[in-house]
Amino acid sequence: MAEGAKKFQVMSDLKNTGNIASLTWKALFSEDAPVMVFDAEYEGILAEYQARKAAQAEAENIMNAVSIRASSEAGKGYIRVSFACSAADYVDGYEIWKSTARTSGYKKMFTTSKQTYKNTAGLKKGTRYYYKVRACKEVGGKKICSGWSNPAYRIAK
């Protein structure tokens, strides 16, 4: 039974412990549940699963080591955020988040593959805006992101 549960968990891209926990039950009874396959086909699925998980683990290690340094400048009607990434050739893109408070209230504003962002919308003259950035990489259908940059801030002109 445990071997069958583990096989289903691999095919459903779940943590494959062999134990039937709530996520496994939910996947088992969903309309999208995968059809069980013969052992020969399963070996190929298992090999793909293990390769994907290994690639994701490697990407997580790389992304954990990424550092991003952000800076900003303000002009009339805009704030430009620029940033440098230690693994710019490796990442797929960047998420730029904005807040009016240094440590909370951030909302995702923009996703880009460039290392600069010019914010022109939603700025109120005299208000201080904080921006933070993180790099992201998609591996095997999973988005893996780095830690946050330093907060870059400017007062809108």
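Before you start, note that the model is predicted, so local features need pLDDT of at least 70 and side-chain atom pairs count only at pLDDT 80 or more, while totals for chains, interfaces and linings use all residues. Residues are numbered from 1 along each chain as its sequence is written, and side-chain values use heavy atoms, leaving out hydrogens and water.

**Stop one: Q56.** Select helix α3, residues 39-65, and pick out Q56 within it. Helices here are DSSP runs of H or I with at least four residues, strands are runs of E with at least two, and both are numbered from the N terminus. Q56 is buried, at 4% relative accessible area; buried means under 20%, exposed over 50% and partly exposed in between, using a 1.4 Å probe and protein chains only. Now show V139, G140, K142 and I144: Q56 is in contact with them, neighbours within four places in sequence aside. Contact means heavy atoms within 4.5 Å.

**Stop two: S149.** Move on to the loop between β7 (142-145) and β8 (152-155), where S149 sits. Is S149 buried or exposed? S149 is buried, with a relative accessible area of 7%.

**Stop three: K114.** Next, go to the loop joining β4 (107-112) and β5 (116-119) and select K114. K114 counts as exposed, at 57% relative accessibility. Beyond residues up to four places away in sequence, K114 touches F83 and Y94. To finish, draw a C-alpha to C-alpha distance from K114 to E31: they are 40 Å apart in space and 83 residues apart in sequence.
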